[in-house]
Amino acid sequence: MLSVLALTSVVLLGIASQSTALVVNTDSEKHALVGSDVRLSCSFFSWQWTSPEVSFTWHYRPDGAKDAISIFHYGGGEAYPANKGPFQNRLEFVGNPSRRDGSILIKNLDFGDNGTFTCDAKNPPDIGGHPSTIRLLVFEKVPVQAGVITGSIIGVVLGLLILVVAIYYLMRFLVARRVFSLSMSKHGKKGKGKEGSQQKQKPKVPLVFISF
């Protein structure tokens, strides 16, 4: 009896621990152009089945500000974008709650939209997850990332090294082939010279006539 109770306790503890294992995921940073639309992705992992009461809440903190404001909420199968504030009439829900996707779309971006966005998801009974943040950077022209530049430079350098090595081994092959050809030519001439000298030095056998 005691062993059964112990096993039941372990199972219940395991279920309880899983009920707080919700993990929210977003990109760390997003770049976009002024006047364009941008999708801010948000999804979550949960041990539980997707609940009909699944919800997503988005907050926004402008660069240089201390406090964040609520700009969007999805719950009970309905989307509730903020009816006032910097994103009024510019937010659209583009997620799929049944697939644990709570993404939003921000339209007609402006430089004032730079800031940090926080997505929080709940999937009852999993309600203990930590929100995830994504930083939005709005540019007049999206800059090339340093990693792309570094990768391009490394690629060019590697390409040049491969080309130099290929040329080096090609030159070695051509030189070796030339030396071999000259060597064979010299040996051929020497062979012919020896045969000629041997033919010249071959003594003639005199003809002897014996008369009776």
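Is Phe173 buried, partly exposed or exposed? Phe173 is partly exposed, with a relative accessible area of 48%. On this scale, buried means under 20% relative accessible area, exposed means over 50%, and partly exposed lies in between, with a 1.4 Å probe and protein chains only. I shall return to Phe173 after an overview.

Good morning, colleagues. What we have before us is a predicted model, in which local features need pLDDT of at least 70 and side-chain atom pairs count only at pLDDT 80 or more, while totals for chains, interfaces and linings use all residues. Residues are numbered from 1 along each chain as its sequence is written, and side-chain values use heavy atoms, with hydrogens and water left out.

Let me begin with the overall organisation. The protein contains 2 helices and 11 strands; these are DSSP runs, H or I of at least four residues for helices and E of at least two for strands, numbered from the N terminus. Along the sequence the order is α-β-β-β-β-β-β-β-β-β-β-β-α. The protein has 212 residues, of which 25% count as buried. Contact here means heavy atoms within 4.5 Å. Among contacts with a separation of 6 or more, 59% are between residues 24 or more positions apart. The protein exposes about 15,400 Å², and carbon and sulfur atoms supply 63% of that area; accessible areas come from the Shrake-Rupley method with a 1.4 Å probe, and for residues only the protein chains shown count as cover.

I turn now to the disulfide. A disulfide is a covalent bond between the sulfur atoms of two cysteines. In this analysis, the term is applied to a pair of cysteine sulfur atoms within 2.5 Å. The structure holds 1 disulfide, formed by Cys42 and Cys119, with their sulfur atoms 1.9 Å apart. Cys42 lies in the loop between β3 (38-40) and β4 (43-45), and Cys119 in strand β10 (residues 115-122), so the pair ties together parts that are 77 residues apart in sequence. Because the torsion about the S-S bond is about -75 degrees, the disulfide is left-handed. Cys42 is buried, with a relative accessible area of 1%, and Cys119 is buried as well, at 0%.

Strand β10 also holds Thr116. Thr116 counts as buried at 16% relative accessibility. Which residues does Thr116 contact, leaving aside its neighbours within four places in sequence? They are His59, Tyr60, Arg61, Thr133, Ile134 and Arg135.

Side chains of opposite charge can pair when their charged atoms come close. The criterion is a side-chain nitrogen of Lys or Arg within 4 Å of a carboxyl oxygen of Asp or Glu. The structure holds 5 salt bridges, and I shall describe some of them. Asp63 and Arg135 meet in one, at 3.4 Å from N to O. This pair links distant parts of the chain, with Asp63 in the loop between β5 (55-62) and β6, and Arg135 in strand β11 (residues 132-139), 72 residues apart. Asp63 is partly exposed at 40%, and Arg135 is partly exposed at 33%.

Another salt bridge joins Arg39 to Asp101, the closest N and O atoms being 3.1 Å apart. Arg39 lies in strand β3 and Asp101 in the loop between β8 (91-93) and β9 (104-106), so this pair ties together parts that are 62 residues apart in sequence. Arg39 is partly exposed, at 35%, whereas Asp101 is buried, at 17%.

Next, a hairpin. Strands β6 (residues 69-75) and β7 (residues 78-81) run antiparallel and are joined by 4 bridges; strands are taken to pair if DSSP finds at least two bridges between them. Gly75 has Glu78 in β7 as its bridge partner. With 2 residues between the strands, the hairpin includes Gly76, which takes a positive phi near 65 degrees. Tyr80, in strand β7, is partly exposed at 48%. Beyond residues up to four places away in sequence, Tyr80 touches Phe72, His73 and Gly75.

Finally, we return to Phe173, which sits in helix α2 (residues 146-201). Phe173 belongs to a nonpolar surface patch together with Val156, Leu160, Leu163, Ile167, Leu170, Met171 and Leu174, with about 780 Å² of accessible area together. Patches are made of residues with over 30% relative accessible area and no salt bridge, like charges being joined within 9 Å and nonpolar side chains (Val, Leu, Ile, Met, Phe, Trp, Tyr) within 5 Å. Thank you for your attention.
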